[in-house]
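Please examine the sequence and the structure shown below before reading on.

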Amino acid sequence: MTDSAIIRAMPAPATRPSTSVRPLLAIETSCDDTACAILAYDGTILAEGVLSQTDHAILGGVVPEIAARAHLDALPTLVSEVLKKASLTLADIDIFAGTTGPGLIGGLIVGSSYAKGLAMALHRPFVAVNHIEAHILTPRLPSLGADLHFPYLTMLVSGGHCQCVSVEETGRYVRLGGTIDDAAGEAFDKVAKMLGLGWPGGPALEKLATEGQDDAYALPRPLKGREGCDFSFSGLKTAVSRLIDTQDPTGSRDALPRQFAADVAASFQRAVADVMADRAEHALTLSPNATALVVAGGVAANKTLRHALEQVAADHGIPFFAPPLRLCTDNAVMVAWAALERLHAGETPNEIDTAARPRWPLSERTPAIPEHVS
Ligand code: KG4
Ligand code: ZN
């Protein structure tokens, strides 16, 4: 497996954190990124690392079995590198956390079992973290300086998830809507593929769109103006596919004129941003007490989308916040922080006997399925 490694360390602490700091080590393996992070009890990031699996690009998407094996290969080295960067040893870690769902089950089992194994060997507690909860709590990380207070509204847009959630307090989330077909990132990836771009397609599509006109083609805005906050992208995807067929009936995408492809990319991106803004607008009318509008997940990297949501927030007189890109895409800092939020709320979780699960709705507060039942 070829990996592109990014191991980041915050400026190394001059001395080891004092025992009162209680470092927590977290592992994230729910899709194709293997990630580990160590945070102090107050949320200070002591070190973090992400290994992005690149083999899937050749195959045009994430292959779950390959991803799970790659996590297993990567974890031992990644964990020791991150510990080294934080100037800590395993014995200094007071709590372990791992993503136990939702996601690809093979990877979830590998990562959470690894974290549980460390917790058991060191007689420390293990906190089972919901991946979606981690994405939506990340903007509260103190070092980001957003000073976000409950309740706030999060548009979670990634390759696997597309939801609009009112974050009422730690552990209490109201899902106002979600996608009824593809996730936003999935739609970006599929349209990018139709345009002959690489995988993951979102960043490549955004780049190509800078050369195009966003009003070149009148694409549909699915569910725009409808009640509620659900999303749908399959009609938009089909419209793009038909449009491309008019230029390239043979299906050989190499033949697409560059200007045409750029105009399609820009028009598609505009349509997604318009729909998102409309859904956020509806969400804010449903939760008028929201103190801020937040966007999270990999697609939050998209500048057109960010600007559209920023405008909605401004119209409602509330702040808009998007975490830095490395904390929008999958990472372990968010997993550690979600576990710490529970500790700060006075919980003392030890969930070592809970199973990894591919589906885990936010409404289910704790991963209630014991290991031996699943
Ligand atoms: O959150 P993430 O890293 O992983 C999942 O949990 O899915 O999100 C990955 C998704 C991919 O679909 C990728 O194409 C999309 O985020 N993405 C973007 C951009 N950067 C990443 N989509 C649109 N524009 C971008 N700049
Ligand atoms: Zn994610």
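The paragraphs below treat salt bridges and then a pair of helices.

This is a predicted model, in which local features need pLDDT of at least 70 and side-chain atom pairs count only at pLDDT 80 or more, while totals for chains, interfaces and linings use all residues. Residues are numbered from 1 along each chain as its sequence is written, chains are lettered from A and ligands numbered from 1 in the order in which they are written, and side-chain values use heavy atoms, with hydrogens and water left out.

A salt bridge is a side-chain nitrogen of Lys or Arg within 4 Å of a carboxyl oxygen of Asp or Glu. By this rule the model has 16 salt bridges. One of them joins E65 to R69, with the closest N and O atoms 2.7 Å apart. Both residues belong to helix α2 (residues 64–85), where a spacing of four residues separates them by about one helical turn; helices are DSSP runs of H or I with at least four residues, and they are numbered from the N terminus. E65, at 46%, is partly exposed, whereas R69, at 55%, is exposed.

A further salt bridge links R172 and E169, whose closest N and O atoms are 3.6 Å apart. R172 is partly exposed at 43%, and E169 is partly exposed at 39%.

In the salt bridge between R270 and D214, the closest N and O atoms lie 3.9 Å apart. This pair links distant parts of the chain, 56 residues apart: R270 is in helix α8 (residues 258–286), and D214 is in the loop between α6 (201–209) and α7 (234–247). R270 has a relative accessible area of 23% and is partly exposed; D214, at 34%, is also partly exposed. Elsewhere, salt bridges that share partners join D182, E186, K190 and K237 into one network.

Helix α8 also meets another helix. The axes of α8 and helix α9 (residues 303–315) come within 9 Å and cross at roughly 30°; axes are lines fitted to C-alpha atoms, for helices over the stretch in contact, and angles run from 0 to 180 degrees between N-to-C directions. Angles under 35 degrees count as roughly parallel, and α8 and α9 are therefore roughly parallel to each other.

Definitions and conventions
Helices (H or I, at least four residues) and strands (E, at least two) are DSSP runs, numbered from the N terminus. Buried means under 20% relative accessible area, exposed over 50%, partly exposed in between (1.4 Å probe, protein chains only). Angles under 35 degrees count as roughly parallel, over 145 as roughly antiparallel, 65 to 115 as roughly perpendicular and the rest as oblique.
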